[in-house]
Amino acid sequence: MSIIIKKFYNLFWNNKACQNLFLLSKEELLDTRTVDIVEKPFNYSLPRIIISNVEPKEDYALDTIKIRNENYNIQIEDSMNSNMEGFGIILKEFVGEKFQESIIELFSDLEEKPLKFVSLFFKILVNENKREQRIIDFLQEYRFIGPHVNDLDNVVERIKNKLIPNKKNDLVTDTNIATLLEVIKTIKEMYINVSYKTLYNTNQVLVNALQSEDDFESRIKLFDHLYDSKIIKASSEDSFIECTHCDSGTYKGVFQLHLNPNKLKNLVCPVCANEVKYYVPYELDQDIYEIIREKDGLLQNALLNLLENSEIAYKTNSRFLDDIEIDCIFDKENKSILIETKMYKINTAKEKLISKLKKHFGKLLEDVRRLKQIPEFTNKQIIPILLVNIIDTELLQEVEKELKEINKDQISQSIKILNITTFREEM
């Protein structure tokens, strides 16, 4: 176990706000994005936590940010459209007539096979050793360069020669340079606005989305401890700051902020001296990130940490009868404790959570009934536990009571629905 994980669990078991936050599903805790360029969209979670002081219920501030950003997007798109005609002429001059077929083929593939380019992008991004060769292969595939070109220096040299001003080069003119700079600026603004939109439309439960057991101050103190323990650290990703008290565009920016989260409250508008609204990413330690990405998130890992601290021997992912898998099993006082761990998205309707609890209670009941038929468990007392990340203990007790009133058999009566806090208390 790494030092960071030891520090993390020391904080986790002694800080209720830490438990409430890190027992969220990975999609709610981490900076999670959706890729919907294919028929079946998929999510990917980055090792980042976004801290913001924009309250989801604070309609005015959030609506102001959204409307301003959408208005600016309209402005940017109009600017891009007006510049694209001139840019198209420059592009045609730059690549030359012989590349027209290559460009048509490239744009056709972009439309028909978007996943091919997403895959290529990530391969180029993550594998530095093969980055140059992948780029060369791509340029050769679409015949932008010949098979004899084997390094990017040659490609760069060719482009540079086209961009050197001289009497015979009609491409490099004051007008063309101004058009290119305007297009580059517009593309940059579009990227910034899309990034900003991703943050304020996120499904992530930010520091401001309070649980009933927490308040804003306890969350900020928690992030102060996480930062001090190096469980989170300042990110190289952009932070977004905007004053919603001033007129649109008066004070709005993309910043690199390397601040202790406790100091974010000191960010004020230099124009009106009011508190600014912010979205600030913090990078999560890789070891903790890997735990959160596991199938049962931090919940099962926290369970195992608790058992190890209590010096209890356990087995994980034990299989029986070919199709039954028990997440964790251990013996205590001549009883077999069978634990099924389930991570739910907490930021959802209460009725949906109740429905899932009932479904998984029923599945655990059926599994234990079948396990009682095999020799290993026939004459042994089993205590089945449905361990969940729902922090509302009262809700869990209500659902358990209702299910036991309906199901009077011995196994149903022995099943417990617990969260990590109540499990720890019963240990």
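Predicted model: local features only at pLDDT ≥ 70, side-chain atom pairs only at ≥ 80, totals over all residues.
The open sheet consists of five strands in the order 8-9-10-11-12, and the pairing among them is mixed. Its edges are formed by strand 8, which covers residues 315–320, and strand 12, which covers residues 416–418, each of them pairing on one side only. On average, and with direction ignored, neighbouring strands of this sheet are turned by 35° against each other. Within the sheet, strand 10 (residues 335–342) and strand 11 (residues 381–388) run parallel and are joined by eight bridges; in this pairing, Ile339 has Ile385 of strand 11 as its bridge partner.

Two helices can be described in relation to this sheet. Helix 13, which spans residues 350–371, lies across strand 8, strand 9 (324–332), strand 10, strand 11 and strand 12, and runs at about 155° to strand 11. Helix 15, which spans residues 393–406, packs on the sheet as well, where it touches strand 11 and strand 12, and its direction makes about 165° with that of strand 12.

Elsewhere in the model, strand 3 (residues 48–52) is largely enclosed by the rest of the structure, because five of its five residues are buried. Arg48, Ile50 and Ser52 point one way from strand 3, whereas Ile49 and Ile51 point the other way, and the residues of both groups are buried. Strand 3 runs antiparallel to strand 7, to which it is joined by five bridges, and in this pairing Ile49 stands opposite Tyr282 of strand 7.

Tyr282 also takes part in an aromatic contact, one of the nine aromatic pairs found in a search of the whole structure. A pair of aromatic rings is described by the distance of the centres and the angle of the planes. Between Phe8 and Phe22, the ring centres are 4.9 Å apart and the planes stand at 75°, so this pair is edge-to-face. Tyr227 is partly exposed, with a relative accessible area of 22%, while Tyr282 is buried, its relative accessible area being 0%.

Ring pairs also link Phe8, Tyr9, Phe12, Trp13 and Phe22 into a cluster. An α-helix has 3.6 residues a turn, so residues three or four places apart point the same way.

With regard to the cysteines, the count of disulfides comes to zero. A disulfide is a covalent bond between the sulfur atoms of two cysteines. The sulfur of Cys243 has its closest cysteine sulfur in Cys272, at 3.6 Å, which is too far for a bond, because the cut-off for a disulfide is a sulfur pair within 2.5 Å. The two residues can also be described by their accessibility: Cys243, at 1% relative accessibility, is buried, whereas Cys272 is partly exposed, with a relative accessible area of 28%.

Finally, two loop residues carry a positive phi. In Ala273, a residue other than glycine, phi is positive and near 70°. Ala273 is located in the loop between strand 6 (252–255) and strand 7, and is exposed, with a relative accessible area of 57%. In Leu321, which is not a glycine either, phi is positive at about 50°. Leu321 lies in the loop between strand 8 and strand 9, and at 37% relative accessibility this residue counts as partly exposed.

How values were computed:
Residues numbered from 1 in each chain as written. Heavy atoms only, no water. Pairing = 2+ DSSP bridges. Helix = DSSP H or I, 4+ residues; strand = E, 2+ residues; numbered from the N terminus. Axes fitted to C-alpha atoms, helices over the stretch in contact; angles between N-to-C directions. Contact = heavy atoms within 4.5 Å. Buried < 20%, exposed > 50% of the residue type's maximum accessible area, 1.4 Å probe, protein only. Phe/Tyr/Trp six-rings, centres within 6.5 Å; stacked < 30°, edge-to-face > 60°.
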